[in-house]
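Let's take a walk through this structure together. Keep the picture open while you read.

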Amino acid sequence: MLINLYFLHPIRLHHIVINPGDRLNNAPSKIHLFLNHCPLDFSDVEDKYEPEETLELTEEESAGDPIVLNTAKYQSVNSLGIFISENVDKEEITEFGSLELYGDTKEVVDMSKFAEIVEER
C-alpha cells in the first residue's frame with residue numbers, strides 16, 4: 001500500500017497513529033516514510049528513493065498506539081509518502097481504520113507583505 005500526502009504549508013511531524021479498526025491481523029507492521037518526494041509510485045519506493053525512515057512497528061503500535069518519530073528528521077515536511085510493505089500476519093491484504101498525523105505547522109512568512117526599507121544617508 002502506498003499513500004501520498006501533501007500539506008499546504010510545511011509541517012513539523014511528531015508522531016503517527018494507525019488505528020487498525022476491526023482487523024488487527026491485517027494492520028501494518030512495517031512502514032517506510034519518504035519526505036518531500038511526492039508523488040511516489042511503487043517503482044520510486046522500491047528502486048529510486050531511500051526512505052527517510054523505516055519503522056518496524058511494535059504490537060502496540062500496530063494496535064493503535066502512537067508511533068513516535070525522530071522529530072529532527074521531520075522539521076519541514078511538504079509532502080509525505082507512506083509505503084506499507086508488511087502487515088502483522090504477512091498477508092497480501094493490508095487494512096486499517098484510520099491514519100492520524102500529529103505535528104504543527106511551521107510559521108510561514110509572506111514576504112510580499114513587507115515594505116521595502118530604504119536607508120537614507
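Start at isoleucine 16, which stands opposite isoleucine 67 in strand E4; strands (E, at least two residues) and helices (H or I, at least four) are DSSP runs, numbered from the N terminus. What you're looking at is a predicted model, where local features need pLDDT of at least 70, side-chain atom pairs count only at pLDDT 80 or more, and totals for chains, interfaces and linings use all residues. Residues are numbered from 1 along each chain as its sequence is written, and side-chain values use heavy atoms, with hydrogens and water left out.

Now for the partners of E1. E1 and E4 pair in the antiparallel sense over two bridges (to pair, two strands need at least two bridges found by DSSP). E1, residues 2-19, also runs antiparallel to E5, residues 77-87, with six bridges joining them. In that pairing, asparagine 4 has glycine 81 of E5 as its bridge partner. Eight bridges link E1 to E6, residues 98-105, again antiparallel, and there isoleucine 11 sits opposite threonine 105.

Next, hop to the loop between E1 and E2 (28-35), where you'll find asparagine 26. Is asparagine 26 buried or exposed? It counts as buried because its relative accessibility is 14% (buried means under 20% relative accessible area, exposed over 50%, partly exposed in between, using a 1.4 Å probe and protein chains only). Leaving out residues up to four places away in sequence, asparagine 26 touches Asn87, Ile93, Thr94 and Glu95, where contact means heavy atoms within 4.5 Å.
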